[in-house]
Amino acid sequence: MGCATGTIKYSLFLFNALWAILGILVLIFGGLSWGGMPDEYAIGILVLGGIILIISLFGCCGAVRESPRMLWTYVSLLLVLLLLMVAFIILNPRDVFKKYAAQKVEDDWKQEQTKPGSMDLIQRTYACCGLNSPQDYLSINFYNQTVPSSCCKELNCVNPLNLYTDGCLKKVEEAFADEGSTTSYLEWGLLGFDVVILLLAVVLAIHYTNRQRRYNY
C-alpha cells in the first residue's frame, strides 16, 4: 500500500494546488463582474471562490501532514461544495444573468437620451449599435442624424462598412445563449473534477485513519 498511498497523496496535493488556482480565478472573476450582474450573485461568486480556496488548503495540509482529522474535514467540505455545485447547475442562474444584462442595456439606452455616451461601453463590448438597431439614434437630436463612434469598428465611422448593424439587446441575448453551452460543459467538468478529488480524499482518509488505529493498539 506504500507506493499506492504515496501516489494518491501526491496526486491529491497536485489536484488541490489546481483547485486553489481555480479558487483564485473565481475570486478574480467575481471581482471583475461586480456591477455587471446583481450584487447578490457577485457576492455569491466571491464566497464560492473563497470556499474553494479554503477547501484546497485543508486538502493540501491534510495530505502533507497525513492527518485523518483534517482529511475527514476536507471530505465533509468537498461534499458540501459538491451539493452547492449540483444546486447551481439545477437552478441554472444564467437566465438571471441574461435578464439582468438585457435590463442593463435598456436602462443605459434610456440614460442615453439625456446623457450621450451611456451606451458606449456596451456598444464597444458587444459590437452593436442602439437598442434594436442604429436607426434608434435618429430620435436623439444630440447626434444630428449620426451615430456615436462606439457604434463602429475601431471607433471609425468614416467608412460606412464599419458600422455595427445589430442592436445591443439582440447581441447581449445572443452572447448569453452562446455562453450557455460552453458554461454547461465547464460546470459538469468541474463537478467531475470534484468527484475525483473526493474519491482520492476518502481513500487517503480511510488509510490514515486505519493506520492511526493500528498505532494506538
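**Close-up views of the disulfides**

**View 1. The Cys152–Cys157 disulfide.** Cys157 is partly exposed at 32% relative accessibility, whereas Cys152 is buried at 2%, where buried means under 20% relative accessible area, exposed over 50% and partly exposed in between (1.4 Å probe, protein chains only). The sulfur atoms of Cys152 and Cys157 lie 1.9 Å apart and form a disulfide, a term that denotes a pair of cysteine sulfur atoms within 2.5 Å. The torsion about this S-S bond is about 105 degrees, so the disulfide is right-handed. The model is predicted, with local features requiring pLDDT of at least 70 and side-chain atom pairs counted only at pLDDT 80 or more, while totals for chains, interfaces and linings use all residues. Residues are numbered from 1 along each chain as its sequence is written, and side-chain values use heavy atoms, with hydrogens and water left out.

**View 2. The Cys128–Cys168 disulfide.** Cys128 is joined to Cys168 with an S to S distance of 2.1 Å, and the torsion about their S-S bond is about 90 degrees, so this disulfide is right-handed. Because Cys128 lies in the loop between α5 (120–126) and α6 (168–216) and Cys168 in helix α6, the pair ties together parts that are 40 residues apart in sequence; helices (H or I, at least four residues) and strands (E, at least two) are DSSP runs, numbered from the N terminus. Cys128 is buried at 0% relative accessibility, and Cys168 is buried at 0%.

**View 3. The Cys129–Cys151 disulfide.** Cys129 and Cys151 are joined, S to S 2.1 Å, with a torsion of about 85 degrees, so the disulfide is right-handed.
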